[in-house]
Amino acid sequence: MKLHPLSIPVRVVSRAVGIVWAFIFAGFALAGGDPLLLSGVVVLAVVVLAGLAGYEVAYYRRFDYELTDESLDISSGVFSRRDREIPLRRVQNVDVTRSFVARLLGIAVVDVETAGGGGTEANLRFVGGEEADRLQEAIRAKRAALQREEGEEAETEEAEAAASAGGETLFELSDRDLVLYGALSFDPRLASGVVALATFLAPTFGDRISLSGLGIAAIVGFAVVAALALWAASAVARIVQFYGFRLRRVGDDLRYERGLLSRHDGTIPLSKLQTVAVEENVLMRRFGFASLAVETAGYAPGSQPSGGSEAAIPIAPREDVLSLAQTLEPFHDFEVERPPERARKRYVRRYLLVGLAVVATGFLVDQFLTSVPWYAAGVLLLLAWPAARLTHRHRGYEVGPDHVVTQGGFWNRSTRIVPYRRIQTVIRRQTVFQQRWRLATVIFDTAGSRSISAGDAAALDRDEDDADSIAVAVRDRVLDVIYERDRK
């Protein structure tokens, strides 16, 4: 099979835009108005564009793909030949993306992700719209057939019927909820960054704006306007990203559709699900809303509420989010246990040190570089106590009968539910600073795409003896699950 013929002009134009701008800049910067030099730049640009067009034609002619019963085979390469065979049983996700221009032309991009892959395993750019849908559905069906043969995940008759009927719709994002999501998904920390930037930029305008009276009011007004503009831009970006969001269950997969300008259609294989997470920023918590994110083995698609995992539900009342999470991965009612009191004291000292570092930096800048209101950063010292209390309140864990539950984060709180059957490693970690306070962290590592340092579920800042007990208890439960599975 070949890519769509329109892939040649579309790829040429997309690559040529950057090249043309580079030559325009170079022409005006280097030629200095000399007609002869400008002509040389134009001729060189035409030659480069012609070479680019020739490369894309050769790329199209040498790119072939074939979908067999067990693999997706791809041959590509202009100067060096590359043959790839992607086993369908390892396929995690088949994403179909249609930009605004692609929808007008009737073409789409197909990305194939695999378990354990750090990026896109196969990129078909571009195929026809109908061919993209055929590939997505055929790969899903063939992968399910292979799983049934191996006895890994047998689809029920009901699941097969639902798949043939287009699946069961689990969630749709209404226009009202979409606007609400845009408004509530803003990160308030961006606003504080604007205020800090305005404060330190103030000396640049010292000749025009006084740092007292009306001058301070002007700076604060600028910061507020900038924060509101940033908020509006963030809301618009979310609305464009999640416009028309719909989540369906097709067989043993979740299938989502979203996007206004660029339409995305992807799958989340439930058989590879590692963790479900209820995620709430501070604004969502205030109004009783949350997002649901899921993580699968080796793959976490790009759009997320807080980074990393794919949003199964962008926003809904927290009770509805928990109900849908129960249908994906049934879990017990939980109530997390907070870290010991001395952990809160540790947080106070940590935030005090950060505040002192900021004040000291501002003082040095004021003394040796330029005048800045460094003393204003002293408010950070007063915020250390409430910040420590909030950090302590939003951290916790629970070891349940079938799952371990962890919670952390104030601005963006994530409650992660990890089944024991998905835990691969239990790690007890203790930093130098934790040793002083006799605290330790227990990490529950899965086969998901997040690394140990970038967001695995963890019981944070537990008492040393408590951490040992947690690690032993979870390891025993994991071994029990493995033993029961092997007996079957």
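Student: Before we start, how are residues numbered, and which pLDDT is needed?

Tutor: Residues count from 1 along each chain as its sequence is written, and side-chain values use heavy atoms, leaving out hydrogens and water. As this is a predicted model, totals for chains, interfaces and linings use all residues, side-chain atom pairs count only at pLDDT 80 or more, and local features need pLDDT of at least 70.

Student: Which residues have the most contacts inside the largest nonpolar core?

Tutor: A nonpolar core is a set of buried Ala, Val, Leu, Ile, Met, Phe, Trp, Tyr and Cys residues joined through side-chain atoms within 4.5 Å. Buried means under 20% relative accessible area, exposed over 50%, and partly exposed in between (1.4 Å probe, protein chains only). The largest such core has 33 residues, and those with the most contacts inside it are Leu-247 and Leu-292.

Student: How many residues does the other core have?

Tutor: Phe-63, Val-78, Ala-132 and Leu-146 are among its members. This core lies apart from the largest one and has 27 residues.

Student: At what angle do helices α11 and α12 pack?

Tutor: Helices (H or I, at least four residues) and strands (E, at least two) are DSSP runs, numbered from the N terminus. Axes are lines fitted to C-alpha atoms, for helices over the stretch in contact, with angles from 0 to 180 degrees between N-to-C directions. The axes of α11 (residues 341–368) and α12 (residues 379–393) are 8 Å apart, and the packing angle is about 145°.

Student: Which backbone oxygens does the side chain of Arg-263 reach?

Tutor: Arg-263 lies in strand β10 (residues 263–269). Its side chain reaches one backbone oxygen at 2.9 Å, that of Tyr-243. The other, also at 2.9 Å, belongs to Gly-244.

Student: Which residue does a cis peptide bond join to Arg-125?

Tutor: Omega of this bond is about 20°.

Student: Is Arg-438 buried or partly exposed?

Tutor: Arg-438 sits in the loop between α13 (432–436) and β18 (439–446). Its phi is near 55°, a positive value in a residue other than glycine. With a relative accessible area of 47%, Arg-438 is partly exposed.

Student: And Asp-461, buried or exposed?

Tutor: Asp-461 lies in strand β19 (residues 457–463). Phi is positive here too, about 50°, although Asp-461 is not a glycine. Its relative accessible area is 2%, so Asp-461 is buried.

Methods. Polar contact = N/O pair within 3.5 Å; in protein donor to acceptor, adjacent residues only side chain to side chain.
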